[in-house]
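Subject: Structure for your review

Dear colleague,

Please find the structure below, together with its sequence. My notes on what was found in it follow.

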Amino acid sequence: LEISKNIPIENVNVDTNTKLNVNNTTNIEMTSNIKGAGDIVKLGVGKLSIASSKFNSEGNIDLQAGELSVTGDKVLSNKVKGSADLTFKNSNVEVKDIEKFSGNLNLENSTLTLKEDKSLNTDTKIIAKESSNIKIDLAKDKVLSKLNVENKGQDTNKIEKLGEAKLTLGENLNIKNFKNLDVKAGTLEISKNIPIENVNVDTN
């Protein structure tokens, strides 16, 4: 099924092995409740906005063009791929699988939590705008060989290390304009200088 604008239908069920193509050239807001295990494919240069409470798809999200903007708290278990923009607004969000996503992940007044193996060491560029933070919460030791993050928001925006496991920062990290790195739990290991003004290590 391909659509180019919002449709006045309460529930859109995208079954397994099917696709919903959203091919919009202008900005639209989707008001339907999107459900099912089929794929959501974003086509067209326009922005597709949807409330997190309406975005209940379990299938792959393929961002080929334009932007998908999700407002509100969300645990995004879907596999995200493609190279267009993914934006979270006013959200506490956890993404579980961005291994195949090479686009920009924009945070607008949002906090992003990265826990899963497939959410770390990816080619995704994470951009913090307005008041936004990034949390890395580890249950097991991890070497972070790739991280591409940029702060375009407030000076108080920060990266936080959570979880009792050890996080080792590798060689190929691209950290821009973040002034604050907080070690809240566990161990942070570095082998070279990191371009962050303040590294705060909490008690215990």
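Which residue in β19 does K135 stand opposite? The residue is E160. Please bear in mind throughout that this is a predicted model.

The sheet

K135 and E160 face each other where strand β17 (residues 133–137) is joined to strand β19 (residues 158–162) by 4 bridges, the two strands running parallel. Both belong to an open sheet of 11 strands with parallel pairing, in the order β1-β3-β6-β9-β11-β13-β15-β17-β19-β21-β23. At the edges stand β1 (2–3) and β23 (198–201); each has a single partner strand, so one side of each is left without a neighbour in the sheet.

The nonpolar core

The largest nonpolar core holds 48 residues, of which L68, L86, V95 and L105 touch the most other members. Leaving aside residues up to four places away in sequence, L68 touches L48, I50, F55, I61, L63, D85, L86 and T87. As general background, nonpolar side chains tend to be buried together in soluble globular proteins.

Salt bridges

The structure holds 10 salt bridges; three of them are described here.

The side chains of E116 and K96 meet at 3.3 Å, N to O.

D117 forms a salt bridge with K140, in which the closest N and O atoms are 3.4 Å apart. Because D117 is in the loop between β15 and β16 and K140 is in the loop between β17 and β18 (142–151), the pair ties together parts that are 23 residues apart in sequence. D117 counts as partly exposed, at 39% relative accessibility, while K140 counts as exposed, at 53%.

K125 and E150 also meet through their side chains in a salt bridge, at 2.9 Å, N to O. This pair links distant parts of the chain, with K125 in strand β16 and E150 in strand β18, 25 residues apart. K125 is partly exposed, with a relative accessible area of 21%, but E150 is buried, with a relative accessible area of 11%.

With kind regards

Technical notes:
Residues numbered from 1 in each chain as written. Predicted model: local features only at pLDDT ≥ 70, side-chain atom pairs only at ≥ 80, totals over all residues. Heavy atoms only, no water. Core = buried A, V, L, I, M, F, W, Y, C linked by side-chain atoms within 4.5 Å. Buried < 20%, exposed > 50% of the residue type's maximum accessible area, 1.4 Å probe, protein only. Contact = heavy atoms within 4.5 Å. Pairing = 2+ DSSP bridges. Salt bridge = Lys/Arg side-chain N within 4 Å of Asp/Glu carboxyl O.
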